[in-house]
Amino acid sequence: MLLTHATLATMDTRSGTDGYGLIPDAALALDGERIVWAGPMADLPTAYHAFPAEDVQGRLVTPGLIDCHTHAVFAGHRAVEFELRLNGASYEEIARAGGGILSTVSATRAASENQLLAKTLPRVDQLIASGATTIEVKSGYGLTVEDELKMLRVARRIGQQRPVTVVTTHLAAHAVPPEYKGRARDYIADVALPSLRAAHAEGLVDAVDAFCETIAFSVDDLAPLFAEARALGLPVKLHAEQLTDQGGTAFAASHGALSADHLEYLSPDGIAAMARAGTVAVILPGAFYTLRETQTPPIAALRAAGVPMAVATDLNPGSSPLASLTLAMNMACTLFRLTPQEALLGTTVHAARALGLSDRGRIAPGLRADLCVWDADHPAELAYRIGATPLHTRIFGGRLA
Ligand code: DI6
Ligand code: FE
C-alpha cells in the first residue's frame, strides 16, 4: 500500500526542528506488516509507484498510538464508589473498608473467562477508536493463581479478536485480598510468585508490575517478586509514588525497570535513579483527575533530568475510567503542563520504550506499519481537542482496520 499526500509526523525528533519530524506532502510505502519507505512525494522511488495508492488529501499521519498502562480487563464498575467519594469518602478510606480494588476483585473472580472477555472488548474498542494500535493490559483483579491466569488469558485473547497488539503484564501484587489481610508477604509467597511462574510457563506474561503503596505492598514485600521476574528474564515496572512516597521508583530503577508509573509523590532521588537506569516515567493524568489529586508529578524536574515521559490512560474501574488516549494527552497538557509534542511522544516513542518495544512508535523504514490518519493538519490538534477524537483511519500491521 502507498499513502500519498500525507502530512507525516514521523516522531523522529532528530530530523528537523519542529519536534515532530514533520514531512509535508509525504508518501509512505507499506509492504506486508512493515513500513518500507517514508519521505517527500517528490522523492518517492519509482519502485513504489505501482503500489496501490490511497490519497489521504493532506491529512496528518502519525504512528499508531500506544497505551502503555491499562487495567482494561475487569468485571463490574465502581460508579457507586465514585458517588461515595463525591459524598466525602477518600480513595484510601474506601480501599481500607474493603471496597475499591477489592470490589472489582469480587466481580472479576465471579466472571468466567468468556464473560470477562465480553465485558472487556467494548473498552478495547474505545481505545482503538481513539487511535490505539498497541495496548498494555495488566492482571491484578483476580488475586488467586487461577483468577490471575484467567485475566491474562483474556488479555491475550483480545489480540486475537481485535486489530491491536496486546502486551500483557502480571500484576498479582496489586492489592492484598481479604483472605490475606495483614499478611502481604504470605500473599506474595502463596499467590503472586506461583501465579507468575504458572503464567510465564503458559506464555501469558510480557512484564511484571506491582502496586507499591501503604494500602498495597512495600518495597521489602516486593523484593522476592522482582527477583523472580528477573530470574525468569521478564522486565519489571512499578506503580510508584502515586499516593505517598514509598521509595518505589528507586527500587524499581535498581531492577532496571522499563517504567515507573504515576509518580505524583516522586522525590529528587527517585528522579535521579530513573535517569541513571533509563526508566520511563509513565504519567497517568486520568487517575490524578479522577481522584482530584492536587500534587502534580514533578514534570519540570523529570524533563530537566532527561527522563523520557510516556502518557497512558490507566483505564481501570476505580481511579481512571478513561478510555481515550487523546483525552489522556489533553489532560497531560492541561493538568501537568506537558507540551503537545511531549504528549504525542508520550503515546508513541516513549510508550513503545516503556513496553520494551523497538519496532514501533515512530514512522521509519523497517518499523511496523501501525499508523493513524487524522482529520487534522497539525499534530498539536491531537492533544488540543477535549473528548473529540479526530481519527479518520487506522492502519494496523499494514492493513486498514
Ligand atoms: N493504581 C491505580 O490508580 C489503579 N491501580 C493502582 O495500583 C487503581 C485500580 C483500582 O482502583 O481499581
Ligand atoms: Fe494502574
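## Thr4 and strand S1

Thr4 belongs to strand S1, which covers residues 2–9. In this predicted model, Thr4 has a relative accessible area of 10%, so the residue is classed as buried, the cut-off being under 20%. Apart from neighbours within four places in sequence, Thr4 is in contact with Ala26, Met41 and a run made up of Ala53, Glu54, Asp55, Val56 and Gln57.

Contact between them involves 24 residues of domain 1 and 24 residues of domain 2. Together the two domains bury about 1700 Å², and 67% of this area is on carbon and sulfur atoms.

Between domain 1 and domain 2 there are 0 salt bridges. Polar contacts do occur there: 8 residue pairs are counted, with both residues at pLDDT 80 or more. On the side of domain 1 that touches domain 2, at least two residues each come from strand S5 (60–63), strand S14 (371–374), helix H15 (380–384) and strand S15 (391–396). That side of domain 1 consists of 14 nonpolar, 5 polar and 5 charged residues.

## Ala354 in helix H14

Ala354 lies in helix H14, which spans residues 349–354. Its relative accessible area is 0%, so Ala354 counts as buried. When residues up to four places away in sequence are left out, Ala354 touches Cys68, Lys237, Leu258, Ser259, Val280 and Val282. Ala354 and Ile66 are 288 residues apart in sequence, yet their C-alpha atoms are 9.9 Å apart in space.

The model has a count of 22 salt bridges. One of them joins the side chains of Arg197 and Glu228, with an N to O distance of 3.1 Å. Arg197 is part of helix H6 (residues 184–201) and Glu228 is part of helix H7 (residues 219–231), so this pair ties together parts that are 31 residues apart in sequence. The two partners fall into separate accessibility classes: Arg197 is partly exposed at 40% relative accessible area, whereas Glu228 is buried at 16%.

Another salt bridge links the side chains of Arg303 and Glu342 at 2.7 Å, N to O. Here the pair ties together parts 39 residues apart in sequence, because Arg303 sits in helix H11 (residues 299–304) and Glu342 in helix H13 (residues 340–346). Arg303 is partly exposed, with a relative accessible area of 37%, while Glu342 is buried, with a value of 13%.

## A local pair and a network

The side chains of Arg360 and Asp359 also form a salt bridge, at 2.8 Å from N to O. Elsewhere, salt bridges with shared partners connect Glu136, Lys138, Asp209 and Lys237 into one network. Lys237, a member of that network, is also among the residues that Ala354 touches.

Key:
Residues numbered from 1 in each chain as written. Chains lettered and ligands numbered in written order. Predicted model: local features only at pLDDT ≥ 70, side-chain atom pairs only at ≥ 80, totals over all residues. Heavy atoms only, no water. Contact = heavy atoms within 4.5 Å. Buried area = accessible area lost by both parts, 1.4 Å probe. Salt bridge = Lys/Arg side-chain N within 4 Å of Asp/Glu carboxyl O. Polar contact = N/O pair within 3.5 Å; in protein donor to acceptor, adjacent residues only side chain to side chain. Helix = DSSP H or I, 4+ residues; strand = E, 2+ residues; numbered from the N terminus. Nonpolar A, V, L, I, M, F, W, Y, C, P; charged D, E, K, R; others polar. Buried < 20%, exposed > 50% of the residue type's maximum accessible area, 1.4 Å probe, protein only.
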